[in-house]
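Please examine the sequence and the three-dimensional structure shown here.

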Amino acid sequence: MLKRLFPHPYLSLTLVILWLLLVNDATLGTLILAGVLATLVPLLTQSWWPGRPRIRHPLGLLAYAAIVLWDVIIANFQVAWIILFMPAARIRSAWVVVPLDLTSPEAISLLAGTITMTPGTLTADFSSNGRVLLIHALHAPDPNAVRDAIKTRYEARLKRIME
Amino acid sequence: MTALAEYAIAALLILGGLFGLIGSFGLLKLRDPMQRLHAPTKATTIGVGAALIAAALDMVLLGQGITWQSVLVAAFLFLTAPLSALFLAKTHLLRTIARKDLPKTGTGGDWATFRAKPQK
Amino acid sequence: MIVDYALTFALVAFGLALVLNLIRLVTAPTLTDRILAVDTMTVNVIALIVLYGLRSGSSLNGEAALLFALTGFVSTVAFCKYLLRGSIIE
C-alpha cells in the first residue's frame, strides 16, 4: 500500500525539500502543499519511470558528490588555461569510447552527467543498446588514459554505490 | 569575521565573472564545432554558479535571511548543463560531423543518434 | 566596500560575455552553434539578473532567474529535439 502510494520515495523527499526551498518558508500550509505535490507528482509520472533506483550507500553518494565537485573546480582551471593560452592548432581533441560495466539506467545517466561536468570531457552519445558511451575530450594526447581514468575514478565508485 | 566573509564573497564574484567571460570567449576562439561545446557548458556554468553562491552569501551578510532561490538556480543549472550538452552534441553528430570520423561502438550496433525513427 | 567593486567587475564581465555570445550568434558557422550561443546567453542573463538584484537590494529577482533557467533549458532541448527527430514530442 505504502509502496503504491509512494512509488519513488527519494523523489518524494526531494520534492518536499525543493518546494520548501522554493517558497522560502516552512509554515504548516507550505508543508501540506509540499506533501500533496510529493504524493501527486510521482504518481502521475510513474508510467515514464517504471523501475526504482537502488541506492545501496546514500552516504557514499554524498562522498561521490564531494569528489566530483572538487574535480570540477580543479579541472575548470585547466580548461580555462587551454582556452586562454593554448594555440588552437595545438589542441589535440579526441573521441574516446568507454564500454560500461554499469547496468542500471540511473547509474549510467549519473556517470554521463559526471563526465560532462568534469571539464575536458563531454558525453556526446551512447550506443543504441545503451552499454557504450561516446565521449569527446577537449585536449587528450592519450585517449586511453582518459578512458581508464573515467573507469577507475568514477565508474568503480558508482558501481559500489548503486549496484 | 564580517571582513573575512566580504573577502570571500568578493573572490567568488571575481572568479565567477572571469569564468563566465572565459566560457564565452572560448565559444568564439575554439575552431572545431565539438570543441566549442566544451567552453560554455563548463566554464560558464561554474562562473554563474560562483556568482549565485556569492549572491546568496551576501544576502545572509546583509541580514536579509538566506534566499534559497539562488542556490536552487545554481543546482538546477548544474543538473541541466550535461543534458543540454548531450542534446547539442547529438545534433552536431547528426548534422556537422562526418560519419567516418566517429569511432565504432564495438557492440555491433550504431550510436543512438543514428537509430531509425520509431514507426508511427 | 570591496564587495561593491567585485560586484561591478562581475557585472561588466557577464555583460561582456553577453556581447561575445551575440557576436557568436551572428557569425555562427552552423545552426547548432547558434543554439549553443543562445543557451550560453540565457545562462549569462541569469547571472546578470541575480547580480543586479544584489546591487539593487531586492530579493524578487530569484523568481525571474529561476524562470529563465527553466525556460532556457527547455527551449534548448526542444530546438535540439526538433533538429534531431523532426518533431519535439513523439
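Chain A is divided into domain 1 (2-48) and domain 2 (58-162), with bounds that come from an automatic or database domain assignment. The centres of domain 1 of chain A and domain 2 of chain A, taken over C-alpha atoms, are separated by 32 Å.

This is a predicted model, in which local features need pLDDT of at least 70, side-chain atom pairs count only at pLDDT 80 or more, and totals for chains, interfaces and linings use all residues. Residues are numbered from 1 along each chain as its sequence is written, while chains are lettered from A and ligands numbered from 1 in the order in which they are written.

In chain A, 3 strands form an open sheet in the order β1-β3-β2, with antiparallel pairing. Strands (E, at least two residues) and helices (H or I, at least four residues) are DSSP runs, numbered from the N terminus, and two strands pair if DSSP finds at least two bridges between them. The edge strands are β1 and β2 of chain A, each of which pairs on one side only. From one strand to the next, the twist averages 30°. In general, strands of a sheet pair through backbone hydrogen bonds, either parallel or antiparallel.

Strand β1 (residues 94-99) of chain A is joined to β3(A) by 6 bridges, and the two run antiparallel. Here A94(A) stands opposite A137(A) in β3(A), and P99(A) has V132(A) in β3(A) as its bridge partner. Strand β2 (residues 121-126) of chain A pairs with β3(A) in the antiparallel sense over 5 bridges, with T121(A) opposite A137(A) in β3(A). The hairpin of β2(A) and β3(A) has 5 residues between the strands, and G130(A) takes a positive phi near 75° there.

How many residues of strand β3 (residues 132-137) of chain A are buried? The count is 6 of the 6, so the strand is largely enclosed by the rest of the structure. A residue is buried if 20 or more other C-beta atoms lie within 10 Å of its own, exposed if 12 or fewer, and partly exposed in between, with C-beta atoms placed from the backbone. V132(A), L134(A) and H136(A) point one way from β3(A), whereas L133(A), I135(A) and A137(A) point the other way.

Helix α5 (residues 105-117) of chain A lies across β2 and β3 of chain A and runs at about 140° to β2(A). Helix α6 (residues 143-162) of chain A lies across β1, β2 and β3 of chain A, at about 40° to β1(A). For these angles, axes are lines fitted to C-alpha atoms, for helices over the stretch in contact, and angles run from 0 to 180 degrees between N-to-C directions.

The contact between chains B and A takes 39 residues from chain B and 33 residues from chain A, where two residues are in contact if their C-beta atoms, placed from the backbone, lie within 7 Å. On the side of chain B that touches chain A, α1, α2 and α3 of chain B each give two or more residues, and α3(B) gives the most, with 10 residues.

Chain B also meets chain C: 50 residues of chain B are in contact with 45 residues of chain C. To that side of chain B, α1 (2-29), α2 (33-61) and α3 (68-95) of chain B each supply at least two residues.

The model scores ipTM 0.85 and pTM 0.87.
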